Amino acid sequence: MAQTQVQKTKAIRFGSGVLKIDGTNLWLLDNAQLVVAFNVVQLRAHNGYSPVKKKIENIEFSAELYEVHLDNIQKIDSHGVLSNTAWSLVNVTGEALGTWWTVWSPIKLANKNANNTEVGSIVIDEDGSPLTNGTDYEVYVADGSNGEFGYTYIVPLTAQTGILDADYSYTPNTKKSITFSDLSKLVSYYEVKFVNTDENGKEFSLTIPKAYSTENLTLSFVSDDAVDETMKVPIKLTAFPDDNNTMLYIEDEQSVV
């Protein structure tokens with residue numbers, strides 16, 4: 001027999017939500033959780049008790065991120081320096097190929113095009129004199145069965161015993177990088193907001209107006225055979241009092257009526 005009935009159905013929360021750092025969506029995540037830890041103080045005399053006092057000791061929002069995007073990692077952590085390498089042509093001059101080569105033994109050039117095509121403007125020198133493509137050597141791009149996929153290979157056709165080098169140009173992938181240094185830095189603060197939206201578009205939201213990262217950066221790689229698993233990056237965001245001494249506010253549109 002039921003002892004009571006549901007009083008406010010909309011106070012029963014379903015689903016997860018969207019996590020935003022300064023308005024930036026951090027996309028897919030697991031195990032989102034807010035913990036508000038209190039410090040409770042009560043003086044106990046031999047013959048009585050003082051009124052109980054309660055103060056916030058710590059507020060932490062934690063989750064695990066699926067999408068390991070360096071922009072987001074740098075935003076959360078702020079200790080590393082994020083940089084971007086533009087997609088542009090790179091010229092290579094005098095790449096060493098050795099002091100001799102073996103006929104029909106392919107030599108891989110060190111760099112490749114982002115689109116896995118043959119690198120451009122190839123010049124192979126022997127003791128500073130250019131050799132002839134189609135006479136002294138041939139060129140091919142490996143398909144994975146005849147070398148490392150997408151790399152350009154030089155195939156010697158004539159014996160050479162001098163110093164061999166290669167000039168060519170290639171276009172690498174655009175890349176992002178984060179550089180971490182052995183330095184003490186002030187942390188960066190940002191707004192943390194987690195919003196759960198119901199089927200009627202009503203929101204239940206948690207906002208930490210001023211927070212900073214307190215979690216280590218952990219990148220855990222899973223097994224190649226773990227088809228239903230992936231890397232997830234744990235994050236922990238700790239509240240710091242803002243200019244109004246506010247650490248957290250919770251807003252509810254869902255169970256108002």
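1. In this predicted model, the largest nonpolar core comprises 19 residues, and Leu19, Ile76, Val192 and Ile235 have the most contacts inside it. Two or more residues each are supplied by strand 1 (18-21), strand 6 (53-65), strand 16, strand 17 (203-213) and strand 18 (233-239). Strand 6 provides the largest share, namely four residues.

2. Which residues does isoleucine 235 contact, leaving aside its neighbours within four places in sequence? The set consists of Leu19, Leu26, Phe61, Ser62, Ala63, Leu65, Ile76 and Glu215. Of these contacts, Leu19 and Ile76 are also listed among the core residues with the most contacts.

3. Phenylalanine 180 lies in the loop that links strand 15 (175-179) to strand 16 (190-197). Its relative accessibility is 43%, and phenylalanine 180 is therefore classed as partly exposed, the limits of that class being 20% and 50%.

4. Three strands make up an open sheet in the order 9-13-12, paired in antiparallel fashion. Strand 9 (107-108) and strand 12 (137-141) are the edge strands; each has a single partner strand, so one side of each lacks a neighbour in the sheet.

5. The antiparallel pairing of strand 9 with strand 13 (residues 152-156) rests on two bridges. Isoleucine 107 has isoleucine 154, in strand 13, as its bridge partner.

Note on methods. Residues are numbered from 1 along each chain as its sequence is written. This is a predicted model: local features need pLDDT of at least 70, side-chain atom pairs count only at pLDDT 80 or more; totals for chains, interfaces and linings use all residues. Side-chain values use heavy atoms; hydrogens and water are left out. Buried means under 20% relative accessible area, exposed over 50%, partly exposed in between (1.4 Å probe, protein chains only). A nonpolar core is a set of buried Ala, Val, Leu, Ile, Met, Phe, Trp, Tyr and Cys residues joined through side-chain atoms within 4.5 Å. Contact means heavy atoms within 4.5 Å. Two strands pair if DSSP finds at least two bridges between them.
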